[in-house]
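Thanks for coming. Please look at the sequence and the structure on the screen while I talk.

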Amino acid sequence: MSHKISQSAVRIDSDDKCRGTARYIGDITFDHILYGRTVRSTRARAKIRTITFPDMPEGYYIIDASDIPGKNCVKMIQEDFPVFASDRVEYIGEPVLLVAGEDREEIDRIISGIEIDYEDLSPVTSIMEAESRDDALFIEYHVHKGEPATAFEQADKIIEATYETGCQEHIYLETQGMTGLFRDGRITVYGSLQCPYYVKPALVHAFGWEEERFRVVQTTTGGAFGGKEEFPSLVAIHAAVAAFKTGKPVKIIYDRDEDITASTKRHPSVIQFRTGFDTSGRISCMDIRVTLDGGAYEGLTSVVLQRAMFAVTGVYEIPNLTVHGRAFRTNTVPAGAFRGFGAPQAFFAVEMHMNHLAGYRGVDPLDFKRSYLYKKGSKTSTGGTIHHPVFLPEMIDRLISKTGYRKKIRKTRTSVSGYRYGIGCSLFLHGCGFTGSGEKDKIKGKVKLRGSPDGTVEILVANVEMGQGPSTTLRKIAAQAMGLPLDRIVYQNPDTDRVPDSGPTVASRTAMVVGYMVLEGAERLKGTWNGKEEKTVEVRYHHPDFVSWDQEQLSGDAYPAYSWGVNIAEVRVDVLTGEIRVDRIHGIYDIGTVLDELIARGQMEGGIAQGAGWATIEVMEQEKGRLKQCSMTDYVIPTALDVPSISVEFLENRPYELGPFGAKGAGEIPLVGAPPAVAAAVEHALGTPVYRIPIKPEHIIQGLHDED
Amino acid sequence: MKIEFTLNGCPVSLSADPLRRLLDVLREDFGLTGVKEGCGEGECGACSVLLGDDLIPSCLVPVGNVQGAEITTIEGFQKTHRYRVLSRTFAEAGAVQCGFCTPGIVMASEALLRKNTSPTEEEIRESLSGNLCRCTGYSMIVDGVVRASKVLSEDGTYGNV
């Protein structure tokens, strides 16, 4: 690639990770350590009448709600998520208490002797049930643009359709894990996490102590994908309260089955479109209802719903619009952050809907979509402005010529050796950074750079390396800005005693938002540091002055900048078994300047694989609140044999002025684009519409049957 | 029960319940924490080690079963020339992200390369299909193995461990 910074550097963490010497939380031990294991609800909704315990051997402890020094809640946006259930449980897997002690077999023996007497209550376990109750609505928002009522009155034709997406589990390879210590009046927590400064205030809240008494240290994190955004705060409080009670270090490492049962998931969604065409045959209005299943506690659901609502018109300018978003409480495992954060659900729905509208108009989906694309100056779903040039037309052209799309889409659907072949396309964007005014009003990020007498410069940020590469890319930014070799720039896992709060490692913000602050710090340090003394500079976040947002009305610029993408997927469908084989996925992305080509490509390929998995084989369903897939045997993710051949290109020389060297966000966008491309290709192969992902073999067989 | 086997080239002996998982014995008794637990049910391959020349999931193997056997973990393998080649080509190919699956995948690659000096892409995918990775989408790992097999063929050190 042409920009100097895009040339790939050798990742600093690569050899340690190959060698197995990188230390994850499960690999770190302390003297006199105890293990903690969580006893969980086996009921979807119930009152706890009594709990009876076996005789406790010396040195073994029960830790429950009564041991929490402060508030029994995990501080997120609302205060509804208990640390331990005390009198009632709201989902299967909800933590009730911990057993801690030295020997894990003894802990298991104790747990098998604990009896919880429940009084069952009737659970709500689906969006449909929740809609009919008056106590199950978490949150509701409305977005308006233009004159939708008039446009619908004048519409020549109105088309309605409903799209659904399923649950998805992160399956980070390293399960959730934390170790808590209580020493000299202070709590320290080590663990696998994305957001040190979410965990710390959650500890402050649960203990009710001053914040100086808490320290949070991130350990090498074995994948996260959003699953270690808010959930680790719960595990951290468990470990900390146990350490406080026992006076010993307490380590909690989840088993895989436990992790799948109890940790957050991607929100299942139902998205309904009513789309009106005017007399000239153009889309004039949309009325969209976005409904999410939030699970038992609200957590981050309100913000996920906002991102889903703002993304639900896709990359298209719709003049008259209403979006009604609702999220419901059900007695299922809480839904939470997952790469894409509501946008993948929205993009599946809008991309399929646009394909279906094109079918109704009798035109090729790509040609149909092209006439509605956002361009510079367009008004978004929230009435904000697209402030920067949009390069989608050239990206589409590039991918069409590369894949032979035109020829392949015209092929008639005939079975060849038992397979039907299909090709499909998706167009997508992802808003970079926090939604709305979050960066300015909530996060208020700070970074520091410290020059040392030995000539090194340390980047002090709270953003973590979880595989996505900032321990290399942030260092590259500082090195290039200062004209220093890469090995003179130091980045260590964040420790809240050492690093300022530069915000969470989420929302495709680390490279663009934090990276820009690192760049500014590096430039300032370069001008004032002689390379021989200790000198620290601090940089605070500045909100771009072209961005305006009204959080009350949900109107204005929901994001300062967007990354863009086009995917084309090619699939074959086995007409006998209904199995989908994704043969190829092609992607082209505008993520601004690429900070490291290999790292960026790794993000795209991994995200595409995760998205293609969600669209096809990753089935997670529940019955009466009980997950049917609770292990890696039942919940299947793509293997090396399932992942298609992936080709990825980046648009070059399109820098974003407020990103470091022109970079924008890149972590989430691949997961947004792959599912609708795969679903469109399946639809093309079958000749019958797809309204739901994951597309299960029985849907395929039914589709083929309907056609006959 | 007294159990004796060869671990990373050294004879070892321990008294242990023969039903304990080899994974726990390696991590806890020998401190070999490069062997990772990802699922505990033989699905993910993060705990892969070599028994002789064969790749096994150490979470499914009771330690009693390795009596007299030769076990190699990433800690033993990393002293070899072939490890250094694999580590370098994995870095060049971008095969490493979060790293939790990586030691197991390095061992799976070694198990393949011991038997097949110039595997095709399909053979590599087949050999790695028991090792899950959630970060990379696998292609860059496959590329790392392809590059390693080329280097090893060219430098004539294939037979050396």
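I will go through the interface between the chains, then the cysteines, and then some single residues.

First, the conventions. This is a predicted model, in which local features need pLDDT of at least 70 and side-chain atom pairs count only at pLDDT 80 or more, while totals for chains, interfaces and linings use all residues. Residues are numbered from 1 along each chain as its sequence is written, chains are lettered from A and ligands numbered from 1 in the order in which they are written, and side-chain values use heavy atoms, with hydrogens and water left out.

Now the interface. Contact here means heavy atoms within 4.5 Å. On that rule, 42 residues of chain B are in contact with 49 residues of chain A. The two chains bury about 3700 Å² between them, and 54% of that is on carbon and sulfur atoms. Buried area is the accessible area, taken with a 1.4 Å probe, that two parts lose on being put together, summed over both.

A salt bridge is a side-chain nitrogen of Lys or Arg within 4 Å of a carboxyl oxygen of Asp or Glu. There are 4 salt bridges across the interface of chain B and chain A. One of them joins the side chains of B:R134 and A:E618, at 2.7 Å from N to O.

Next, polar contacts: a pair of N or O atoms within 3.5 Å, where, within protein, one must be able to donate a hydrogen and the other to accept it, and residues adjacent in sequence count only if both atoms are side-chain atoms. Between chain B and chain A, 25 residue pairs are in polar contact, both residues at pLDDT 80 or more. As for the helices of chain B, α1 (22–29), α3 (81–93), α4 (102–115), α5 (121–128) and α6 (139–155) each supply at least two residues of the side that touches chain A. Helix α3(B) gives the most to that side, with 6 residues. Helices (H or I, at least four residues) and strands (E, at least two) are DSSP runs, numbered from the N terminus. By residue type, the side of chain B that touches chain A divides into 19 nonpolar, 13 polar and 10 charged.

On to the cysteines. How many disulfides does the rule count over all chains? The count is 0, with a disulfide taken as a pair of cysteine sulfur atoms within 2.5 Å. For A:C630, the nearest cysteine sulfur is that of A:C167, 11 Å away.

Buried means under 20% relative accessible area, exposed over 50%, and partly exposed in between, with a 1.4 Å probe and protein chains only. B:C135 is buried at 6%, and A:C630 is partly exposed at 23%.

A:R45 sits in the loop between β1 (34–40) and β2 (46–52), and is buried at 18%. Its side chain reaches the backbone oxygen of A:S122 at 2.7 Å. Beyond its neighbours within four places in sequence, A:R45 has contacts including A:E90, A:D120 and A:N331.

Two residues other than glycine have a positive phi. A:F225, with phi near 60°, is in the loop between β11 (214–218) and α6 (231–246) and is buried at 12%. A:L554, with phi of about 50°, is in the loop between β21 (549–550) and β22 (555–556) and is buried at 4%.

There is also a cis peptide bond from A:I693 to A:P694, with omega near -5°. A:P694 lies in the loop between β28 (692–693) and α18 (697–707).

Leaving out residues up to four places away in sequence, A:G26 touches A:K251, A:I253 and B:R27. A:G26 is partly exposed, at 29%.

Methods: Ala, Val, Leu, Ile, Met, Phe, Trp, Tyr, Cys and Pro count as nonpolar, Asp, Glu, Lys and Arg as charged, and the others, Gly among them, as polar.
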